[in-house]
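Here's a quick tour of a model, taken piece by piece. Have the viewer open as you read.

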Protein chains: 2
Amino acid sequence: MVKIPVLKSITEANALLADAIRARFVQQDVLVLNIIASPGAGKTTLLERTIEKLHGELRLSVIEGDPTTSLDSERIGAAGVPVVQINTDGGCHLEARMIQVALEQLDVEDADVVIIENVGNLLCPTGWDLGEDAKVVVASLPEGDDKPLKYPMAFATAQAVVINKIDLEPYLPAQASVLRQNALRINPDLAVFEVSALTGQGLEGWLGWIRTKLAKKRES
Amino acid sequence: MVKIPVLKSITEANALLADAIRARFVQQDVLVLNIIASPGAGKTTLLERTIEKLHGELRLSVIEGDPTTSLDSERIGAAGVPVVQINTDGGCHLEARMIQVALEQLDVEDADVVIIENVGNLLCPTGWDLGEDAKVVVASLPEGDDKPLKYPMAFATAQAVVINKIDLEPYLPAQASVLRQNALRINPDLAVFEVSALTGQGLEGWLGWIRTKLAKKRES
C-alpha cells in the first residue's frame, strides 16, 4: 500500500519544506542563521557590521524579509554581498516556501553563511522554521530589559541573543546585565552577546560564535 | 424572506463585533483609544504618565493585551485605575471578541476614556478593529526614523503618533523631525507628538489631544 502524506496544517507543510531546505544546506556546507527581532532593534546594522568584519574571511549571502520596502536590501547590497529581498506584503513573518523561492535567485553554493533577516516582529516569526541551523534574537536595550519575560517564545527557540545598542546604556533605565539574566531565565543554553552595532563595540564574541558554528557544522 | 447573515471571514466577523462595541461606547459617551507599537516602544510608561497627569480630571480604564504575562497590568493597576488583562497566549494581536469579554470585567459606565494597549507588534494589530474611536501609534525614536516607511499600515490607519524617548535624541542617529516627516508622508492627517514618557517632556500636546477627542465625541 502506498503511504499518502497528509499535511494537517500550514505549519506542518512549512516544517516539511524547512527540513528539505535544511538538508540542501547540509550538502552544501552552508551555515544558515534566522535573525528575529522587533522593528528597529538594529538587525540590518548588525548585518552591515558583520559583513564588513568578515569580509575576505567568509562568504556571506543575505535574504531580507520586509513587509513592504526594499530599504534594507539596498543597504545590504551596498555592503557588497549577494542579497535577495522578500516582501511579505504586510505579512508578519517569513515562511519556508518564501525561502525556497529566494534560493532560486541566490547562488548559495558559493556561500559559507546565509543570513536570513526576518520581518521585524518578536512573535510571529518564532513559529516558522525556515530550514536554519539557528535562530538568533537581536534585543535592543532601549526596548527594556524585561523583553525575554514578555516575549519568551523568541528567546526559548533561539540559540543566541545579541543585546544591541549598549552604547545607550548610560541614558536608559534598562540594564544589559538584567536583560542577559532574563534571557537566561527563559533559556539557560543561550549564547548572549552585548554589542553596539553602531559603534562596533563587542562584536568579536558574536563573530567568533558564527565562526565556531560554521566549523562545527563542517566537522559533523 | 429572512435575510441570513453570512460571515465571509474571521476579519469580517471581527468588524461586525467591533461595530457593536463601538455603538455601545457611543451610548456611554466613552472615548476609546487603541494603542499600537513595537515591543518596548514605551506604551505602558506613556499610559502610566497619562493616568498620573489626568488623575482627578478624567476617569480612565485600561485593557492590557500581552502575549503571556501580566507585568503591564500590574503597573497600570498600581497607577490606580481599573485594568483588565488579556493574555493572547502568544497571539500577535487583540481581536474584538477579546474586548467583548474584557468589557464584562470592566465597569466602563464610570469611565471617560478606555485605553486599549495592544500586543507589542507593528503589523498584526493594524488589521483588527476593536471598536475604538482612534488608533494611536507609539513610535520609539531609538527604533529609527524610517519606521513609517517600513511599517506603513500602522501609520496609515492611525489618527495620532506619539514619538517617544526623545530624551535619547542626542545619542541617536535617528531624528524626531525626520520620523515626523516620514509619518506625515504616509498619512498627512496624523496628529504627531514628540514626548519622553520617562521624563514627562512634551506630554501636554498628547493630553490636549485626548481632551479634544473626548469633547468632540460628546458634542456629536
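How many bridges join strand 5 of chain A to strand 6 of chain A? There are 5 bridges, and the two strands run parallel; strand 6 covers residues 160–164. Ala139(A) stands opposite Ile163(A) in strand 6 of chain A. Strand 5 of chain A also pairs in the parallel sense with strand 1 (residues 31–36), over 4 bridges, and here Ile35(A) sits opposite Val136(A). Strands are DSSP E runs of at least two residues, numbered from the N terminus, and a pair needs at least two DSSP bridges.

Strand 5 (residues 134–140) is mostly covered, with 7 of its 7 residues buried, meaning under 20% relative accessible area with a 1.4 Å probe, protein chains only. One side carries Ala134(A), Val136(A), Val138(A) and Ser140(A), the other Lys135(A), Val137(A) and Ala139(A).

## Two copies

Turn chain B by 180°, with a shift of 0.0 Å along the axis, and it lies on chain A with an RMSD of 0.0 Å (least squares on C-alpha atoms with pLDDT of at least 70 in both). That's the relation of a two-fold axis. The same surface serves both copies: 100% of chain B's contact residues recur in chain A, contact being heavy atoms within 4.5 Å.

## About the model

This is a predicted model, where local features need pLDDT of at least 70, side-chain atom pairs count only at pLDDT 80 or more, and totals for chains, interfaces and linings use all residues. Residues are numbered from 1 along each chain as its sequence is written, chains are lettered from A and ligands numbered from 1 in the order written, and side-chain values use heavy atoms, leaving out hydrogens and water.

Terms used. Buried means under 20% relative accessible area, exposed over 50%, partly exposed in between (1.4 Å probe, protein chains only).
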